[in-house]
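This report goes through a protein chain from its overall fold to single residues. The sequence and model are shown first.

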Amino acid sequence: MAEPEGSLASAETPLMELDEQSETHLENSLNHLENFLKVFGFCQFSFLSLALSWASFLLLGVALPLLIIVYRRCSHCEHYVIRRFELQVLVLRSLAAAVSLIPISTNLRKFGLRKFLFVDRSHGHKDQFRDEYIKKILGFFKWLVIWLLPCLLLKVVREIVLVLHFHQECWWRSVAELFGLIFSWTYSTTIFLSGCALFHLVCNLLVIHFESYGKLLESDLEISEYIEEHIRLTHCLSKISHRFRIFFLLVLSASTATQFVALLQTTGNGQLVNLINGGNFAVTAIVELVGIIICLHGAAKITGRAQSVAAVASRWHSLVTCGPINPSQSTITINGSSSEPDSLPISYSEADLESVGYMPVPTNSQLASYMSAYHKREALVMYLQSNPGGFTVFGWTIDRGLIITIFFIEMSLVLFVLGETLTVS
């Protein structure tokens with residue numbers, strides 16, 4: 001008996017080591033994410049970190065580009081047009097970064113990073129999801145780089161063209177201004193896109209649980225456990241909606257305001273605007289459009305997964321109900337005796353026939369149990385269909401229908417601005 005116990009202990013030891021390694025990898029991923037957020041001022045856990053965060057934002061994101069724009073020297077008359085456009089773009093960019101920084105830092109200060117991402121043990125952390133958590137957190141950095149690099153390339157090309165077109169006598173000063181503007185723009189844009197990507201990450205982490213709900217139905221559990229798990233998921237989803245609804249509205253409003261101002265300035269000053277002096281409007285509009293697309297994608301994705309749970313449960317209920325009958329329940333009671341349907345005739349001996357008299361007569365308990373399970377599954381399906389869930393903003397569910405509505409509202413605004421600025425009386 002000692003050998004099986006030893007082998008069992010030796011088999012459990014690698015599993016424990018794997019769990020510890022997975023937990024360590026998750027902790028490292030969370031630490032990397034928290035350090036990244038600290039660098040850009042999102043983790044305002046103390047008064048000192050709060051002061052450093054806003055001092056860095058005002059200095060690097062606002063004061064540095066403002067001084068460069070105001071004191072930039074140029075002999076061309078178009079410099080005043082560029083200065084006016086650059087100041088407007090700076091206001092829009094700083095507003096978008098502040099919109100991302102304030103709500104995210106407030107939520108992180110209230111709940112901490114683990115509760116904010118719903119990966120702590122009291123808010124949905126499960127051991128089997130550790131690897132998925134790590135992949136999603138690493139995907140946060142991956143997609144942030146993918147979203148940021150094309151916009152950064154456009155900004156660099158625009159600033160280089162501007163320096164070559166309006167060069168100063170001192171080339172070192174032009175180069176210093178170029179690096180200063182690009183550094184400030186990268187800092188502010190990273191803050192804005194990081195907030196949007198963090199919202200996308202929170203949605204993706206909860207999507208893992210909704211996608212695993214279908215696999216949970218395959219296990220033989222009580223119906224009440226399925227309902228409790230769905231209640232827990234919808235409760236987490238309602239928390240996400242409550243925490244991010246103001247952030248979502250502010251991002252949408254800031255993006256709309258940027259598109260409005262950019263379109264108004266570029267079409268209302270058609271004789272003055274070109275790709276050189278008005279290119280910053282295009283870059284800023286593209287960045288904020290990317291941000292709102294990230295937010296809409298995350299919200300629509302988690303809404304779609306939450307609403308598809310009812311379809312998965314309906315399919316599961318249909319398969320269980322219409323599937324092959326369990327052999328243990330295939331006996332049919334006829335006039336007090338049980339027989340197998342479609343069974344072949346078998347000759348019994350006298351001893352076998354005598355033993356049949358001592359067997360218990362089947363009752364309708366199996367049928368009652370089957371009908372009870374059927375009604376329980378039907379109640380589960382009706383509950384899921386009546387509570388579809390999804391990311392909501394003051395009662396409005398962010399799904400494909402609402403996204404189409406937002407698109408047509410933005411399109412109407414664009415056509416209105418074009419009608420006011422391009423119509424020739």
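## Basis and overall fold

Helices (H or I, at least four residues) and strands (E, at least two) are DSSP runs, numbered from the N terminus. On that basis the protein has 10 helices and four strands. Along the sequence they follow the pattern α-α-α-α-α-α-α-β-β-α-α-β-β-α.

The model is predicted, so local features need pLDDT of at least 70 and side-chain atom pairs count only at pLDDT 80 or more, while totals for chains, interfaces and linings use all residues. Residues are numbered from 1 along each chain as its sequence is written, and side-chain values use heavy atoms, with hydrogens and water left out.

A residue is called buried under 20% relative accessible area, exposed over 50%, and partly exposed in between (1.4 Å probe, protein chains only). Of the 425 residues in the protein, 40% are buried. A contact means heavy atoms within 4.5 Å. Among contacts with a separation of 6 or more, 84% are between residues 24 or more positions apart.

## Nonpolar cores

A nonpolar core is a set of buried Ala, Val, Leu, Ile, Met, Phe, Trp, Tyr and Cys residues joined through side-chain atoms within 4.5 Å. The largest one has 82 residues, and Leu33, Leu37, Leu117, Leu198, Phe244 and Phe391 have the most contacts inside it. At least two residues each come from helix H1 (2-39), helix H3 (78-117), helix H4 (130-165), helix H5 (171-218), helix H6 (223-268), helix H7 (279-322), helix H9 (365-386) and helix H10 (400-422). H5 gives the most to this core, with 19 residues.

Leucine 117 is in contact with Leu30, Leu33, Leu198, Leu201, Val202 and Leu205, leaving aside neighbours within four places in sequence.

## Annotated transmembrane regions

An unreviewed UniProt entry lists residues 47-70, 140-158, 178-207, 246-266, 278-299 and 401-419 under "transmembrane region". UniProt positions are given in the numbering used here, feature names are shortened, and annotations may be inferred rather than shown by experiment.

In the model, residues 140-158 are 100% helix and 0% strand, with the end C-alpha atoms 28 Å apart. Residues 246-266 are also 100% helix and 0% strand, and there the end C-alpha atoms are 30 Å apart.

## Cavities

Rolling a probe the size of a water molecule over the atoms shows where empty space is left. Here a cavity is a set of points, on a 1 Å grid over the protein atoms alone, where a 1.4 Å probe fits but cannot get out; lining residues have an atom within 4 Å of a point. Grid points are joined across faces, edges and corners, and a volume is the space filled by probe spheres set on the points. The structure holds three cavities of 30 Å³ or more.

The second largest cavity contains about 70 Å³ of space. Its lining is made of Arg93, Ala96, Ala97, Trp185, Ser188, Thr189, Phe192, Thr284, Val287 and Glu288. H3, H5 and H7 each supply at least two of the lining residues, and H5 gives the most, with four. By class there are five nonpolar, three polar and two charged residues in this lining; Ala, Val, Leu, Ile, Met, Phe, Trp, Tyr, Cys and Pro count as nonpolar, Asp, Glu, Lys and Arg as charged, and the others, Gly among them, as polar.

## Individual residues

Two phenylalanines have positive phi values without being glycine. Phenylalanine 118, in the loop between H3 and H4, has phi near 60°. Phenylalanine 118 counts as buried because its relative accessibility is 5%. Phenylalanine 394, with phi of about 55°, lies in the loop between strand S3 (392-393) and strand S4 (396-397). The C-alpha atoms of phenylalanine 394 and serine 241 are 8.6 Å apart, at 153 residues along the chain. Not counting residues up to four places away in sequence, phenylalanine 394 touches Arg245, Ile246 and Leu249.

Tryptophan 147 is in helix H4 and counts as buried because its relative accessible area is 19%. Beyond four places in sequence, tryptophan 147 is in contact with Leu193, Ala197, Val290 and Ile294. Tryptophan 147 and valine 290 are 143 residues apart in sequence, with 7.5 Å between their C-alpha atoms. Glutamine 265, in helix H6, is buried at 15% relative accessible area. Glutamine 265 touches Phe85, Gln88, Val273 and Phe281, again not counting residues up to four places away in sequence.

How values were computed. 1 Å grid on protein atoms, 1.4 Å probe; cavity = no way out; pocket = protein on both sides within 12 Å on 5 of 7 lines; lining within 4 Å.
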